[in-house]
Amino acid sequence: MRKYVLFIGLLLPLAVSAQKDVTKEKFTPFYTKDVAPHMEKILPEPPALTDPQFVYDLAQYEWGKSIRETERGKLAVADAGIGAAYFMKRFSEVIGINITPEKYPELFRLFSRAHLTEQQAGASAKAHFHRVRPYQQYKEPSGVPTHEWPTDYTSYPSGHTHASWLVGMIMTAIDPAHTEEIMKVAYELGQSRVIVGFHYQSDVDAGRVVGSVTFARLCAEPAFKKQLQKAMKEFKKNTK
């Protein structure tokens, strides 16, 4: 659509272009399951209920339940709804910059594709280990009941943690001046899964390991490196 403005007696064309809504775009992962690292070949078996190491998992599960009614518990519930926009919101709170999909569309695209890649990268390990989630094991309600599924035995490794740690590392590469603040949020996002009873601590610990593996693997992908450079350029331009 072309509009005109009157300027000193002349009609001059004024180009008007509507900004594209990046949140409505369809994204693909940077790589698919067929080329993703098999995380089950990297991770140890999760501790069994009779394993002495499981004592810590159980203690952390009880700790999580004990703080669900606190402000930290409420944050853990909110953290269950991760996605590119939510990551941007959480990081904004600690780096002092309001990063939104509207102002940082390339960053939104990067986070969205990274999140999809995590789902590809963690799928084989989840299927291999087939671990029961804490709320399923103890037949107790979780902090996010609408997310529950009785036969969703995919507790190990934690996908939310995998994605959060991966995105935290990506954001750190873009904004290294806030490394501590960013990775603290990435850490907290994983712990939120323990608090709501959706994952054992060992699931979350493993999620951080595979998040690091996925980041390293992505650094070999030309499409990822290209999108990362776009996001870096955008961030630098918008935060001068």
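Trainee: Before we get to the charges, what counts as positive and what as negative here?
Mentor: Lys and Arg count as positive and Asp and Glu as negative, while His and the chain ends are not counted.

Trainee: Okay, so how many positive and negative side chains does the protein chain have, and how far apart do the centres of the two sets lie?
Mentor: The protein chain carries 31 positive side chains and 26 negative ones, and 9 Å separates the centres of the two sets. Keep in mind that this is a predicted model.

Trainee: Good to know. What pLDDT does the chain average?
Mentor: The average is 93, and 92% of the residues score at least 70.

Trainee: And where does pLDDT stay under 50?
Mentor: That happens over residues 1–17. For that stretch the model has 16 contacts beyond four places in sequence.

Trainee: Let's do the overall layout. How many helices and strands are there?
Mentor: You'll find 9 helices and 2 strands in the protein chain. Along the sequence the pattern reads β-β-α-α-α-α-α-α-α-α-α.

Trainee: What box do the C-alpha atoms fill?
Mentor: Taken along the principal axes, roughly 85 × 40 × 35 Å. The accessible surface of the chain comes to about 12,600 Å², and 60% of that belongs to carbon and sulfur atoms. Of the 240 residues, 47% are buried.

Trainee: What about contacts between residues at least 6 apart in sequence?
Mentor: Of those, 76% join residues at least 24 apart.

Trainee: Switching to helix H2, residues 71–79. Which residues are buried there?
Mentor: Gly-73, Ala-76 and Asp-79 are buried in H2. They sit on the same side of the helix, because they cover an arc of only 115° around the axis.

Trainee: And what covers them?
Mentor: The cover for the buried residues of H2 includes helix H3 (84–95), helix H6 (159–174) and helix H7 (179–195).

Trainee: I clicked on His-115 next. Is His-115 buried or exposed?
Mentor: His-115 counts as buried, because its relative accessibility is 15% and the cut-off for buried is under 20%. Its place is in helix H4. Leaving aside neighbours within four places in sequence, His-115 is in contact with Ile-82, Gly-83 and Ala-163.

Trainee: Which peptide bond is cis?
Mentor: The bond from Tyr-156 to Pro-157 is cis, with omega near -5°. Pro-157 is found in the loop between H5 and H6.

Trainee: Last one, Asp-152. Where does Asp-152 lie?
Mentor: Asp-152 lies in the loop between helix H5 (134–137) and H6. Setting aside neighbours within four places in sequence, Asp-152 is in contact with Arg-133 and Gln-136.

Trainee: How far is the C-alpha of Asp-152 from that of Val-132?
Mentor: The two C-alpha atoms are separated by 7.5 Å, with the residues 20 apart along the chain.

Note on methods:
Residues are numbered from 1 along each chain as its sequence is written. This is a predicted model: local features need pLDDT of at least 70, side-chain atom pairs count only at pLDDT 80 or more; totals for chains, interfaces and linings use all residues. Side-chain values use heavy atoms; hydrogens and water are left out. Buried means under 20% relative accessible area, exposed over 50%, partly exposed in between (1.4 Å probe, protein chains only). Helices (H or I, at least four residues) and strands (E, at least two) are DSSP runs, numbered from the N terminus. The arc is that of the directions from the helix axis to the C-beta atoms. Contact means heavy atoms within 4.5 Å. pLDDT is the predictor's confidence in each residue, from 0 to 100. Accessible areas come from the Shrake-Rupley method with a 1.4 Å probe; for residues, only the protein chains shown count as cover. The place of a charge is taken as NZ of Lys, CZ of Arg, CG of Asp or CD of Glu.
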